[in-house]
Amino acid sequence: MSYLIAIVALVGALCLANLLLTLAVVRRLREHTKLIDALYEAVGSGLAGAGQGVAAGEVVGDFDATTVDGDRVSRDLLPEGTVVAFLSPDCRGCHEQLPELLSWAADQDRSRVLAVVDGRSGDPAQLVTALSPVAQVIVDDASPQVAGAFKVQAFPTFFQVSAGGRLLATAPSVSRLPAGSAA
């Protein structure tokens with residue numbers, strides 16, 4: 001009988017230790033989530049900070065480009081709430097963001113999603129093939145005028161603009177934009 005009491009007491013002590021350890025891990029994960037969120041905010045504001053890019057409220061630079069489908073796109077032709085994604089073929093973060101972007105863009109009006117793929121850093125074919133069904137795609141190569149108009153400093157970078165090209169928001173992922181409503 002005393003063995004049974006000892007075993008129950010031991011199991012109870014192990015369960016209590018396990019509970020305390022789990023609570024400590026949860027607390028630590030919450031701290032890390034706050035740090036990661038702060039990092040995302042710092043990166044996002046740094047991309048649009050003074051002297052580093054177009055700031056929210058400013059009008060992006062003028063550009064005139066042609067999509068891979070042959071459609072003309074310019075700053076003045078952007079519809080209200082257009083999301084502009086800048087991606088690069090050799091960017092690991094771009095490939096990590098791609099499923100989220102594709103999923104989000106599938107529910108949007110294709111004319112309000114513009115993907116700009118940097119053609120200078122690798123073969124853009126994979127990104128173009130993946131993005132073409134859900135977005136207008138521009139391969140920005142020899143003279144990256146679209147990236148220049150937005151003053152892009154890093155990939156991936158996501159912008160949301162109003163009609164006429166006024167910058168509404170900048171973020172390192174599409175989920176952090178106050179993206180437009182579904183079509």
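Reader: What is the strand order in the open sheet of five strands?
Author: In this predicted model, the open sheet is built from five strands in the order 5-4-3-6-7, and their pairing is mixed.

Reader: And which strands sit at the edges?
Author: Strand 5 (136-140) and strand 7 (167-171) are the edge strands, each of them pairing on one side only. On average, neighbouring strands of this sheet are turned by 20° against each other, with direction ignored.

Reader: How do strand 3 and strand 6 run, parallel or antiparallel?
Author: Strand 3 (residues 82-87) and strand 6 (residues 157-161) run antiparallel and are joined by five bridges; within this pairing, Thr-82 stands opposite Val-161 of strand 6.

Reader: Which strands does helix 2 touch?
Author: Helix 2 (residues 92-106) packs on the sheet and touches strand 3, strand 4 (113-118) and strand 6, while its direction makes about 155° with that of strand 3.

Reader: Switching to aromatics, how many pairs are there?
Author: The count comes to four aromatic pairs. For Phe-150 and Phe-159 the ring centres are 4.9 Å apart and the planes lie at 45°, so this pair is tilted.

Reader: Last topic: where does UniProt place the transmembrane region?
Author: The unreviewed UniProt entry places that feature at residues 6-26, a stretch that is 100% helix and 0% strand in the model, with its end C-alpha atoms 30 Å apart.

Methods
Residues numbered from 1 in each chain as written. Predicted model: local features only at pLDDT ≥ 70, side-chain atom pairs only at ≥ 80, totals over all residues. Heavy atoms only, no water. UniProt positions renumbered as here; feature names shortened; annotations may be inferred. Helix = DSSP H or I, 4+ residues; strand = E, 2+ residues; numbered from the N terminus. Phe/Tyr/Trp six-rings, centres within 6.5 Å; stacked < 30°, edge-to-face > 60°. Pairing = 2+ DSSP bridges. Axes fitted to C-alpha atoms, helices over the stretch in contact; angles between N-to-C directions. Contact = heavy atoms within 4.5 Å.
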